[in-house]
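Take a look at it, try each task, then read the worked solution.

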Amino acid sequence: MQHCNIPIFIPHMGCPNQCVFCNQRSISGRKSFDVRTVREEIERALQTIPAEAEAEIAFFGGSFTGIDRDLMISLLRTAQDFVDAGRVSSIRLSTRPDYLSEEILGLLSRYSVRHIELGLQSMSDRVLAACRRGHTAKQARWACRAVKAAGFSLVGQMMIGLPESTPEEEEATAREICALGADAARIYPTVVFYDTPLCALAQAGDYTPLSCEEAAKRSARALRILCERGVPCIRIGLCASEELVSTETVYAGPNHPALGELVWNAYYFDEVRTLLAREKLLGRRVILSVPEKAYSKVIGQHRANLSRWYAETGTEICRVIADKKTNEIRVFPEEYRNLKEEQPCI
Ligand code: SF4
């Protein structure tokens, strides 16, 4: 069944922190928040959702469990009315690891909250400190375990390219997210927003924003770990709202409208290279057979991966077959002719 989130953005409310990368108003695209408009917003969104889809109200943006308690309850009750009326299936929210407690989880369990997304960002205390995140990896581990123990679905959010962070620490974070039982994950390459401490660091030359290419490569490493452990990655990169991509809000960094696609391209570049090496086909003329649904992800935007495999390994992909019947990527030497030409593409 198709799943649709109805995102309600709660900007920076109740959050006394200042993570170096955060300008919540830019991310949410909203300057102020009025709880009275939430019901109308949900009604409006429901009109655009197909009747057969499963809809979920998703409180994103700030730290939901850190906002004023009365306001939080009022938002939960508003969402619950839609659940009770059978118009949405459940509630999703995002928060910080240190804004959860047994008491808050008990409160959330009285409503139809199904998914709790935790902004973990990194499991390295060094990186968390450099980001002035205000919590430790130990607190993050406790929160993940507590969410799972309370019976919620856990979504771990992590960031790529934070100050002081290395690709190895990002891989370690992805591994921990999986080990802590996450049901899904999101990967956010770090974008530098104006009016943030990170912007000041970048302007002073004390932080170098990732290029899109670097962000794609590093994200692909984390993505591989999630895929190998069967944890779905439900989002890569920030949502490209018009305000977000405007030059008024973003100073620098990998804010590409198709960043997710670039990450998958980088992921499959490595997958195929590994396969070519295993089959001893590096440097040869090769036929590549890919699952039809992954076709564009594997060959890359503007077929960039074909040029890259040639440039970096000397391997010439002379034909690509999009196979409807398999989930597997396969490689064959050019002279292997016994292949069904279901959809020869080059
Ligand atoms: S906790 Fe969340 S809302 Fe608060 S400063 Fe950090 S990223 Fe922004």
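**Exercise 1. Find the handedness of the crossing of helix 9 and helix 11, then describe the contact.**

Step 1: The crossing of these two helices is right-handed, where right-handed means the near helix is turned clockwise from the far one by less than a right angle, and left-handed means anticlockwise. Helices here are DSSP runs of H or I with at least four residues, strands are E runs of at least two, and both are numbered from the N terminus.

Step 2: Helix 9 and helix 11 (residues 259-278) pack at about 65°, with axes 8 Å apart. The axes are lines fitted to C-alpha atoms, for helices over the stretch in contact, and angles run from 0 to 180 degrees between N-to-C directions.

Step 3: On the helix 9 side, the contact includes Cys212, Ala215 and Leu223, and on the helix 11 side it includes Leu259, Tyr267 and Asp270. Two residues touch in this sense if their C-beta atoms, placed from the backbone, lie within 7 Å.

Step 4: Sorted by class, the contact has 10 nonpolar, 2 polar and 3 charged residues. Ala, Val, Leu, Ile, Met, Phe, Trp, Tyr, Cys and Pro count as nonpolar, Asp, Glu, Lys and Arg as charged, and the others, Gly among them, as polar.

A word on the model: it is predicted, so local features need pLDDT of at least 70 and side-chain atom pairs 80 or more, while totals for chains, interfaces and linings use all residues. Residues are numbered from 1 along each chain as its sequence is written.

**Exercise 2. Work out how helix 7 is oriented relative to helix 9.**

Step 1: The axes of helix 7 (residues 167-179) and helix 9 (residues 212-228) come within 9 Å and cross at roughly 25°.

Step 2: That makes helix 7 roughly parallel to helix 9 (under 35 degrees is roughly parallel, over 145 roughly antiparallel, 65 to 115 roughly perpendicular and the rest oblique).

Step 3: This crossing is right-handed. Among the residues making the contact are Pro167 and Cys178 of helix 7, plus Arg218 and Leu226 of helix 9.

Step 4: The contact of helix 7 with helix 9 splits into 6 nonpolar, no polar and 5 charged residues.
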